[in-house]
Amino acid sequence: MRRLKKRSKIEYIGLHSQWLKDASSESLRESMGVVVADDGPSGVRAPDGGWGWAILFGCFIITGFSYAFPKAVSVFFKELIREFDIGYSDTAWISSILLAMLYGTGPLCSVCVNKFGCRPVMLVGGLFASLGMVAASFCTSIIQLYLTAGVITGLGLALNFQPSLIMLNRYFDKRRPIANGLSAAGSPVFLCALSPLGQILQDVYGWRGGFLILGAMLLNCCVCGALMRPLESPKKLEVSKETSKKKSKKLLDLSVFKDRGFVVYTVAASILVLGLFVPPVFVVSYAKDMGVYDTKAAFLLTILGFIDIFARPLCGFVAGTKWVRPRCVYLFSFAMFFNGFTDLIGSMSDSYTGLVVFCIFFGISYGMVGALQFEVLMAIVGTQKFSSAIGLVLLMEAIAVLVGPPSGGKLLDATHIYKYVFILAGAEVVLAALVLALGNIFCIKKKSEEPQTKREMVEREDLDRLENKASEETKMDSVEVECFLKAEPEKNGEIVTSPETSV
């Protein structure tokens with residue numbers, strides 16, 4: 001019995017030491033910006049396939065609705081202006097509120113996911129998104145549209161978007177870059193599909209009938225939510241159970257701000273969003289200002305979206321290669337620099353041909369950024385903290401989303417020159433690329449050279465104590481065994497000479 005106890009204790013020590021080695025090496029890889037091949041919150045390693053392809057399909061649809069829907073709704077603005085006798089700026093608030101809800105409710109989504117799980121949150125979000133558009137079809141004022149199509153639908157899309165990314169991160173590890181690239185391709189695909197569809201619905205059924213049909217289409221988010229089957233967790237060690245219980249109490253893990261990599265990424269992403277969405281907003285007006293016809297000017301966005309469709313999965317495939325994946329942070333920095341440099345060169349365009357070339361290169365760089373932004377965040381924080389990290393990042397980006405395009409509009413009103421708007425956007429994106437690259441080189445790499453954290457040092461000391469205690473007990477046991485063999489040899493298979501045995 002005592003031998004079994006000692007054996008189990010030695011096995012526990014071995015497993016605990018192996019866990020410490022894995023944890024220290026994992027933290028080292030995270031500090032270097034390398035992709036972390038870690039287990040999910042349930043302790044199950046990502047299957048990298050199987051039901052994960054259904055998760056990817058659902059994430060593709062959710063990403064398409066989340067990013068394309070605010071832009072697709074803009075085709076109804078002329079009818080709304082005529083219906084309610086308002087200005088274009090009043091209707092534009094609908095798209096702004098949708099984006100603000102998508103980004104600004106990130107911490108709320110993180111709390112809901114950590115409390116209830118991904119599938120229930122997405123099912124409720126799908127109902128909210130559909131209910132908002134259905135209710136909007138019965139609105140009689142623009143304020144009611146702000147509340148229904150803006151707040152309610154935006155909240156529903158946010159409750160779908162963030163959990164879908166979390167589930168994608170849990171189901172994919174080795175193939176995660178290509179999975180992120182394929183799911184991100186849903187944005188340009190749905191944008192190319194929803195905008196013409198919205199125009200057809202408006203011509204046939206009017207804006208009220210169009211909103212009603214779009215609300216019915218958003219019920220597909222509930223179907224995607226039903227696909228998000230949680231991973232089944234096996235039996236674990238008592239230590240892992242205790243740590244998981246402690247972590248489950250945190251509905252919003254703010255300890256991610258202690259990670260230098262997360263802080264650098266958040267600052268860079270916030271600066272990036274200031275200028276990333278500005279060129280697509282102003283490129284059509286830029287072409288019209290050159291005297292280009294409306295149809296040809298609008299065709300620029302079609303070119304940009306078509307290039308974006310292929311750029312995202314291709315970039316995800318490249319990011320998943322053995323040589324590139326450990327350096328995906330620098331690939332993301334290059335994508336941002338490429339995007340900002342394209343803005344700076346595009347500001348010198350003085351013809352429609354120049355703008356077409358600009359849209360081609362902008363579509364490539366924009367697709368690279370879209371495919372890598374969440375992949376890099378997953379690589380930095382890992383699966384355990386991703387649900388909280390993405391919510392906090394989206395909250396920071398929400399502020400930049402509301403500041404970026406309006407600041408470009410004010411610059412245009414002051415100068416009446418589109419060139420300066422593109423220069424400002426390009427400078428902001430290039431600055432974001434430099435912040436991420438230099439921060440990773442000078443701040444994050446130093447972290448791996450520093451001593452271990454206090455928690456790891458305490459765990460090492462506990463492990464040493466357990467090993468010393470186990471070695472002392474084994475020595476004592478060996479002494480007892482020797483004494484036992486000398487004192488009672490007949491109980492160990494030896495025959496003792498006695499009068500009875502002699503006879």
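View 1. Arg 312 is buried, at a relative accessible area of 5%; buried means under 20% relative accessible area, exposed over 50%, and partly exposed in between, with a 1.4 Å probe and protein chains only. A salt bridge is a side-chain nitrogen of Lys or Arg within 4 Å of a carboxyl oxygen of Asp or Glu. Both residues belong to helix 14 (residues 294-319), 4 residues apart, or about one turn of the helix. Helices (H or I, at least four residues) and strands (E, at least two) are DSSP runs, numbered from the N terminus.

A word on reading these views: this is a predicted model, in which local features need pLDDT of at least 70 and side-chain atom pairs count only at pLDDT 80 or more, while totals for chains, interfaces and linings use all residues. Residues are numbered from 1 along each chain as its sequence is written, and side-chain values use heavy atoms, leaving out hydrogens and water.

**View 2. The whole chain, before more close-ups.** The protein chain has 19 helices and 0 strands. Of its 503 residues, 48% are buried. The chain exposes about 24800 Å², with carbon and sulfur atoms supplying 66% of that area; accessible areas come from the Shrake-Rupley method with a 1.4 Å probe, and for residues only the protein chains shown count as cover. The structure holds 4 salt bridges.

**View 3. Arg 176 and its two partners.** Arg 176 forms a salt bridge with Glu 375, the closest N and O atoms lying 3.3 Å apart. Because Arg 176 sits in helix 8 (residues 176-184) and Glu 375 in helix 16 (residues 352-415), the pair ties together parts that are 199 residues apart in sequence. Arg 176 counts as buried at 1% relative accessibility, and Glu 375 counts as buried at 0%. The side chain of Arg 176 also makes a polar contact with the side chain of Asn 169 (2.9 Å). A polar contact is a pair of N or O atoms within 3.5 Å; within protein, one must be able to donate a hydrogen and the other to accept it, and residues adjacent in sequence count only if both atoms are side-chain atoms. Asn 169 belongs to helix 7 (residues 142-171) and is buried, with a relative accessible area of 2%.

View 4. The side chains of Arg 82 and Glu 79 meet in a salt bridge (2.9 Å, N to O). They are 3 residues apart in helix 3 (residues 77-84), so about one helical turn separates them. Arg 82 is exposed, with a relative accessible area of 60%, whereas Glu 79 counts as partly exposed at 26% relative accessibility.

**View 5. A nonpolar patch on the surface.** Val 124, Leu 127, Phe 128 and Leu 219 form this patch, with about 320 Å² of accessible area together. Patches are made of residues with over 30% relative accessible area and no salt bridge: like charges are joined within 9 Å, and nonpolar side chains (Val, Leu, Ile, Met, Phe, Trp, Tyr) within 5 Å. Val 124 lies in helix 6 (residues 118-136) and counts as partly exposed at 40% relative accessibility.
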